[in-house]
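This report describes one protein model for a reader who has not seen it before. Please look at the sequence and the structure, then read on.

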Amino acid sequence: MSHTSAPVSSTAGRQSSRSDSDGPLSVGDVVALVESAAPPGLAASWDSNGLICGDPADPARSILLAVDPVAAVVDEAIDSGVDMIITHHPLYLRGTDHVAATDPKGRTIHRLIRAGIALLNAHTSLDAAHGGVADALAARVGLTSTVPLEPDPAAPDQGIGRIGVLPQPVTLRQLAADVAAALPDSAPGLLVGGDPDAVVERVAVSGGAGDSLLGRAREAGADVFLTADLRHHPASEHLEAGRPYLLCGTHWATEWVGLEPLAQRLQEGARSQGASLSVQVSRIVTDPWVLRLSTGSGQA
């Protein structure tokens, strides 16, 4: 998805309450660490990033990282006894006028507040940042000499997606096999569009929905574009015009790879402040699809 920069906004959750190195970090301290890793100014203008529920003054000794703020992740957080959840996706992307426990999102808010668990998200800000989702996905593919696919106007060395080169040319078939092995598993797997025997070297990547970046990947001279959520008509029409060939993973898998680097940065940030912070990455697959069956086996 194509993004434009948004100005940094002020929120109460961004205020760090930490004045010395004694005791645990606060929720506000963790918000500050996340925003250092994923600056809010990199977020798209339409996006929602920040503290969704929780008191910035509350202690944050343990955190669960996940892609989606869904019921299974809340279950895991409550069972694990963590103080805070950080997800990639926001709970309310378009805003809301109620949080009654009459729908799944409202029930999530009620459960978290009752359990004393704060919820924070970093979405397109983490996509674009140094060491964020795009860099993590490029690293999984093994790309070198990477630069942003769609640079941020105010920070051109950061931005959405990455494009780089493989250590050596390979066939599309081999690259697809390598990417499939490098991504976490989920039912839909990886789709491949293009000539499997073609030799490729220059690869673009972007976690999550990538339809809007098809033209940009071509303009950048990519041989292959790895992304997710490609629709039939945009993908078909794109491939009619040739390269880049397409690798379509799942939204969850192509973004989950950014969680472990974030966990490391949070732990390092806590240590630098003389605090201990337990950070775990959820392994729950939150793709909506749970089973894939081959079709046509009953046809003559």
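How many residues of domain 1 are in contact with residues of domain 2? In this predicted model, 12 residues of domain 1 are in contact with 14 residues of domain 2, contact meaning heavy atoms within 4.5 Å.

The model is predicted, with local features needing pLDDT of at least 70 and side-chain atom pairs counting only at pLDDT 80 or more, while totals for chains, interfaces and linings use all residues. Residues are numbered from 1 along each chain as its sequence is written, and side-chain values use heavy atoms, with hydrogens and water left out.

## The two domains

Domain 1 covers 27-125 + 255-280, and domain 2 covers 130-249; these bounds come from an automatic or database domain assignment. Their C-alpha centres lie 28 Å apart. About 930 Å² is buried between domain 1 and domain 2, and carbon and sulfur atoms give 65% of this area. Leu-42, Glu-255 and Val-257 supply 54% of the area that domain 1 buries against domain 2, more than any other three residues. Buried area here is the accessible area (1.4 Å probe) that two parts lose on being put together, summed over both.

One salt bridge is counted between domain 1 and domain 2. A salt bridge is a side-chain nitrogen of Lys or Arg within 4 Å of a carboxyl oxygen of Asp or Glu.

## Salt bridges

Side chains of opposite charge can pair when their charged atoms come close. By the rule given above, the count comes to eight salt bridges.

| Residue with N | Residue with O | N to O distance |
|---|---|---|
| Arg-111 | Asp-75 | 2.6 Å |
| Arg-140 | Glu-260 | 3.7 Å |
| Arg-173 | Asp-197 | 3.2 Å |

The side chains of Asp-75 and Arg-111 meet in a salt bridge. This pair links distant parts of the chain, with Asp-75 in helix α2 (residues 71-80) and Arg-111 in helix α3 (residues 104-115), 36 residues apart. Helices (H or I, at least four residues) and strands (E, at least two) are DSSP runs, numbered from the N terminus. Asp-75 counts as partly exposed at 34% relative accessibility, and Arg-111 is partly exposed at 30%. For these labels, buried means under 20% relative accessible area, exposed means over 50%, and partly exposed is in between (1.4 Å probe, protein chains only).

Arg-140 and Glu-260 also meet in a salt bridge. Arg-140 lies in helix α5 (residues 133-141) and Glu-260 in helix α10, so the pair ties together parts that are 120 residues apart in sequence. Arg-140 is partly exposed, with a relative accessible area of 32%, and Glu-260 is partly exposed at 27%. Arg-140, Glu-260 and Arg-283 are linked in a network of salt bridges.

Arg-173 forms a salt bridge with Asp-197. Because Arg-173 lies in helix α6 (residues 172-182) and Asp-197 in the loop between β7 (191-193) and β8 (199-209), this pair ties together parts that are 24 residues apart in sequence. Asp-197 is exposed, with a relative accessible area of 51%.

## Buried parts

Is Ala-122 buried or exposed? Ala-122 counts as buried because its relative accessibility is 3%. Ala-122 is found in the loop between β4 and α4 (124-128). Leaving out residues up to four places away in sequence, Ala-122 touches Val-34, Ala-38, Asn-49, Thr-87 and His-88. Ala-122 and Ala-43 are 79 residues apart in sequence, and their C-alpha atoms are 8.7 Å apart in space.

Helix α1 (residues 27-37) is largely enclosed by the rest of the structure, because nine of its 11 residues are buried. Among the buried residues of α1 are Val-30, Val-31, Leu-33 and Val-34. The buried residues of α1 pack against β1 (50-53), β2 (62-66), β3 (84-87), β4 (118-121) and α10 (259-272).

Leu-291 is exposed, with a relative accessible area of 63%, and Pro-288 counts as exposed at 61%. The C-alpha atoms of Pro-288 and Gly-116 are separated by 27 Å, and the two residues are 172 residues apart along the chain.
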